[in-house]
Amino acid sequence: MQPPYERQQARWQKTGGQNQILLLSGELLSKTIYWANHKRLSQQDRDFLIDSIIRTRNCESMVLEEEKLEVSEIVKRLWPTLKSKTENPYSTLQEILAWTECQPFLTQRIIELISLDDSIILMGEESQKVQLIIEKHFTKAPKDPSIARHFNSLHRLVTRNERQKVFWLLFGYRKGLQAQKNSKDYDREIRSSIIFLQSIGLLIESQGLLKVRNHIYQSIFDEEWVNTQMIPLRPYTQKFVNWLDADCEDDSQLLNGKEMQDAMKWKESSGLVLTALEEKFLAYSLDIYIAN
């Protein structure tokens, strides 16, 4: 039986493997993955199918080209391991990338953890088994040193940045958690924070929405994490965030008398240069305070 991708692969090979549009996708990719079960494919066929699976994730989550190439190299290098532990390694790879969105370290570590697991991933078990491995190892307090270092590195990049920027980095990340529209009209501090979070791989933009890069990051750096880091940074954090969420138009979120006094004391003692948005929030609150 001829492979279902024969014509498409031939066209792809004529471009020297450079035309990504000719890689498999959609129904043809799904049909090929099912067909490849228990088949002994040539290295050329294998690489074509692997790159097709990676390209599908790239289209859905706007993965950087260099990361896509790095993941492709990682998967091909570890392929013997993945193949020995799964009935259909192509289907298993799909499940892994659905969790990692082609983040290189996460993808490599999951494949390595699959190789260390005692069981074989049978056909039809891919989703369940990959999820179990992730839930066991990718936790907020991981026992694996390499995973702990990876999460701690991202945590430090956000929370140990310049003092006046940390609040806005957390605020920008929060927009990704809530899958908010990536607006061009954001204040400069918000916009620069989002750009930084994208540069370190925590946020991506997909179909105009800001999103956390992958499901693993979203489970670790969740709303509880954001609040734990963010609330102590300002005595008025919650009201300020609520006010920003309301496009700076909800006067019920402005500070009352005691809150205003605490805010001014904090401002004087903190030594921070506040952004225009914060000064606006405090000025509006002060107007209400004086009026009352």
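Biologist: Let's start with a cysteine: is Cys-248 buried or exposed?

Modeller: Bear in mind that this is a predicted model. The relative accessibility of Cys-248 comes to 18%. Buried means under 20%, so Cys-248 counts as buried.

Biologist: And Cys-102, buried or exposed?

Modeller: Cys-102 has a relative accessible area of 0%. The cut-off for buried is under 20%, so Cys-102 is buried.

Biologist: How many disulfides does the model have?

Modeller: To count, a pair of cysteine sulfur atoms has to lie within 2.5 Å. By that rule, the number of disulfides is 0.

Biologist: On to the rings. How are Trp-168 and Phe-171 arranged as an aromatic pair?

Modeller: The whole structure holds 17 aromatic pairs. In the one formed by Trp-168 and Phe-171, the centres are 5.7 Å apart and the planes make an angle of 75°. Planes over 60 degrees apart count as edge-to-face, so this pair is edge-to-face.

Biologist: Why are Trp-168 and Phe-171 separated by about one helical turn?

Modeller: Both sit in helix α10. The separation is about one helical turn because Trp-168 and Phe-171 are 3 residues apart.

Biologist: Which residue has its charged end over the ring of Phe-167?

Modeller: Phe-167 belongs to an aromatic cluster that also includes Trp-168 and Phe-171. The charged end over the Phe-167 ring is 4.7 Å from the ring centre, and it belongs to Arg-234.

Biologist: What does Phe-171 touch, leaving aside neighbours within four places in sequence?

Modeller: Phe-171 is in helix α10 and is buried, at a relative accessible area of 1%. Contact takes heavy atoms within 4.5 Å. With those neighbours left aside, the partners of Phe-171 are Ile-190, Met-230, Val-241, Leu-244 and Asp-245.

Biologist: Last one: which residue caps the N-terminal end of α7?

Modeller: Helix α7 covers residues 104-116, with Pro-104 and Leu-106 among its buried residues. At its N-terminal end, a side-chain oxygen lies 2.9 Å from the backbone nitrogen of Phe-105. The residue supplying that oxygen is Gln-103.

Conventions: Residues are numbered from 1 along each chain as its sequence is written. This is a predicted model: local features need pLDDT of at least 70, side-chain atom pairs count only at pLDDT 80 or more; totals for chains, interfaces and linings use all residues. Side-chain values use heavy atoms; hydrogens and water are left out. Helices (H or I, at least four residues) and strands (E, at least two) are DSSP runs, numbered from the N terminus. The expected span of a helix is 1.5 Å times one less than its number of residues. Buried means under 20% relative accessible area, exposed over 50%, partly exposed in between (1.4 Å probe, protein chains only). A polar contact is a pair of N or O atoms within 3.5 Å; within protein, one must be able to donate a hydrogen and the other to accept it, and residues adjacent in sequence count only if both atoms are side-chain atoms. Rings of Phe, Tyr and Trp (its six-membered ring) pair if their centres lie within 6.5 Å; planes under 30 degrees apart count as stacked, over 60 as edge-to-face and the rest as tilted. A charge sits over a ring if NZ of Lys or CZ of Arg is within 6 Å of the ring centre and within 35 degrees of the ring normal.
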